[in-house]
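Here are a few exercises to work through with the model on screen. Try each one yourself before reading the solution.

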Amino acid sequence: STLDFACRTMLVTTNAKSNQTVEYDDALVEEFAREIERVKMETAKAEESRLKMQLSLKDAEDEIVCLRAKIEFEKGKVSCLERGNSDYSNQVEELKSCHDKNAEKSLREIGEL
């Protein structure tokens with residue numbers, strides 16, 4: 001029956017062999033070897049370039065961190081100077097007020113004489 005045939009076909013194995021031989025052209029093999037060496041050299045150069053760029057990027061990141069720290073430090077100095085400026089402005093206003101009062105007092109005394 002068909003099922004028996006299908007079971008028998010499952011038991012069949014094949015061992016195929018190629019009876020062709022491939023001859024390699026020495027010039028072609030040499031050309032491929034040179035191409036492989038060229039690609040290896042390009043890959044090594046590209047890797048070296050990548051490593052240099054990676055170091056350059058790390059240096060740039062470090063410089064950015066340093067500059068940010070300097071900016072924060074300078075902001076602190078500016079804030080301190082602004083507070084000092086405000087204090088000095090208040091002192092100037094107080095001195096002006098005192099001076100104006102003393103000037104008025106002196107003018108009254110002169111007027112009374």
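**Exercise 1.** Find how far apart Lys75 and Glu72 are in helix H2, and say what their side chains form.

Solution. Start with the spacing: Lys75 and Glu72 are three residues apart in helix H2, so about one helical turn separates them. (Helices are DSSP runs of H or I, at least four residues, numbered from the N terminus.) Next, look at the side chains: Lys75 and Glu72 form a salt bridge, with the closest N and O atoms 3.6 Å apart. That term means a side-chain nitrogen of Lys or Arg within 4 Å of a carboxyl oxygen of Asp or Glu.

A note before going on: this is a predicted model, where local features need pLDDT of at least 70, side-chain atom pairs count only at pLDDT 80 or more, and totals for chains, interfaces and linings use all residues. Residues are numbered from 1 along each chain as its sequence is written, and side-chain values use heavy atoms, leaving out hydrogens and water.

**Exercise 2.** Describe the salt bridge between Lys58 and Asp62.

Solution. First, the distance: their closest N and O atoms are 3.0 Å apart. Then the place: both lie in helix H2, four residues apart, about one turn of the helix.

Key. Helix = DSSP H or I, 4+ residues; strand = E, 2+ residues; numbered from the N terminus.
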